[in-house]
Amino acid sequence: MRLNERHLMQLAAVLDAGGVSEGAATLGLTQPAVSRSLAMLEARVGEPLFLKGRRPLQATPLGAQLAAQGRTIIAASRKASDAVQGFLKGTKGVVRVGGVPFFMDAMISRMIGEFQNLEPEVTVQQSYLNLPEMVAALEGHQIDLGIVPIGVLDLGPGFEFTEILPGRNIVACRPDHPLLRNRRLRAHDLTSFPWVAPLPGSPLMSDLQMILMSIGMSDLNVRYSGGSLMSVINFLAETDALAVLPFSVVFAQRKENRVTVLPYEIPQPNRSLGILRRVGGPRSPAAERFAGHVTTAFENLKHIIKRHENAVVWGR
C-alpha cells in the first residue's frame, strides 16, 4: 500500500497543533484542503486516524504511527530546504581550493580556520598545487579556485585572476645572521653562504635564477632543498643559510622571530598573489563566499605588510 507523503505530513501537523485549522496554518494550507487530505488518508488505510469526540484532536494507535512517519518527512523536508538555502547563500557545502605550498602554509591555512569559525557548515578541501597543476585541476573541475602567484602574461584564455597581494620577494635568514652586521651588503656577500633551493616547480625557483643573473653568478651553494615551509624555516633558524621567500611569508612568521629579512634589494618578479578561477560555467556559492573572505582578509593585511616592508632599511 502506497501512501501520499503529503497526507502523512498534514496528519502530523494537525496532531501537533491540536486541530485541523491550526495544523493547516502551520503548513500554509487552507483548512478545507487539509480536511480533504485527511479524509482521503483514512479512506486509503480503511481505519480511523482520530479518537472521536476528543479536543484537542488525539490520534488512534494507527494514526499515531502514521503521524510519526509524517514528522520524519517534515524534518527531512526542512533539512532539504535548509540545505538548498545554505548552498545558495554559500553557508553550506564544500570548497575545493588549491594553492602553492608556502603561501597556503604561511597565510591561507589561518584564513581557512577563520572562515570555518564563521561558516562551520562549510567543508574546505585543500590541495598543494603549482600553476600548471592548478590550471589542469581547474579545467578538470577538481578544484573550485586556486590561490597562486602569477604574472599577467602567464594568464591564458578561459581564466580570470583576482589580485589579493602585490608580489615582493626578499632574501631571508636567521635574526642573528652574520650578514646582518655588515654596514653595506654587496652581491658577493650572498655567495659566501649556503642557500636553500625552492620547491621544484615553484615560482621562487625562477626568481632564484633572476637573483643569480643579477649578481653575475651561474650557481649557488645549495645545501638544502625540497622542504616544506616549516622545514625551511627550521633550517634557516639553525644555520647561516639564505633563502628567497615572499616578503608576506616572512611577515607571517614575525611573532616566532626565527627568520627575518636580509636588507638586500633583489630583482622583483612581475607577479602578484591572487585567486584564479575558470571563466564561465557553474560556480560554488560556498567557494565564492570563501574567496570573498580571503580577499577581505588580505585587504586588511596588505597595509600592515606594506608598513613592515617600509620599515626595512633596504640596500644598507
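Predicted model: local features only at pLDDT ≥ 70, side-chain atom pairs only at ≥ 80, totals over all residues.
User: OK. Buried or exposed, this Ala 291?

Analyst: Ala 291 counts as buried, because its relative accessibility is 1%, and the cut-offs are under 20% relative accessible area for buried, over 50% for exposed and anything in between for partly exposed, with a 1.4 Å probe and protein chains only. Its C-alpha atom is 9.6 Å from that of Gly 146, although Ala 291 and Gly 146 are 145 residues apart along the chain.

User: Switching to rings: how many aromatic pairs are there?

Analyst: There are two aromatic pairs in the structure. Rings of Phe, Tyr and Trp (its six-membered ring) pair if their centres lie within 6.5 Å, and the planes make the pair stacked when under 30 degrees apart, edge-to-face when over 60 and tilted for the rest. One of the pairs is formed by Phe 115 and Phe 290, which are edge-to-face, with 5.3 Å from centre to centre and 75° between the planes.

User: What does the pair of Phe 115 and Phe 290 tie together?

Analyst: Phe 115 is part of helix H5 (residues 101–118) and Phe 290 is part of helix H11 (residues 285–311), so their pairing ties together parts that are 175 residues apart in sequence. Phe 115 has a relative accessibility of 2% and therefore counts as buried, and Phe 290, with a value of 0%, counts as buried too.

User: Then Tyr 224 and Phe 235: why is that pair called stacked?

Analyst: The ring centres of Tyr 224 and Phe 235 are 4.6 Å apart and their planes meet at 15°, so the pair is stacked. Tyr 224 sits in strand S7 (residues 222–225) and Phe 235 in helix H9 (residues 229–238), and the pair links these distant parts of the chain, eleven residues apart.

User: How exposed are Tyr 224 and Phe 235?

Analyst: Tyr 224 is partly exposed, with a relative accessible area of 24%, and Phe 235 is likewise partly exposed, at 22%.

User: New topic: which residues does the UniProt domain annotation cover?

Analyst: The UniProt record, an unreviewed entry, carries the annotation "domain: HTH lysR-type" for residues 3–60; its positions are given in the numbering used here, feature names are shortened, and annotations may be inferred rather than shown by experiment. In the model, the chain over residues 3–60 is 62% helix and 0% strand, with the end C-alpha atoms 17 Å apart.

User: And Leu 66, where is its place?

Analyst: Leu 66 is in helix H4 (residues 61–89) and counts as buried at 11% relative accessibility. The C-alpha atoms of Leu 66 and Leu 49 are separated by 8.6 Å, while the two residues are 17 apart along the chain.

User: One more thing: what is phi of His 141?

Analyst: For His 141 phi is near 60°, which is a positive value in a residue other than glycine. Most residues other than glycine have a negative phi. His 141 is placed in the loop between helix H6 (131–139) and strand S3 (145–150).

User: And Asn 257, what is its phi?

Analyst: Asn 257 is not a glycine either, and it has a positive phi of about 55°. This residue is in the loop between helix H10 (247–252) and strand S9 (260–262), and with a relative accessible area of 54% Asn 257 is exposed.

Note on methods. Residues numbered from 1 in each chain as written. Heavy atoms only, no water. Helix = DSSP H or I, 4+ residues; strand = E, 2+ residues; numbered from the N terminus.
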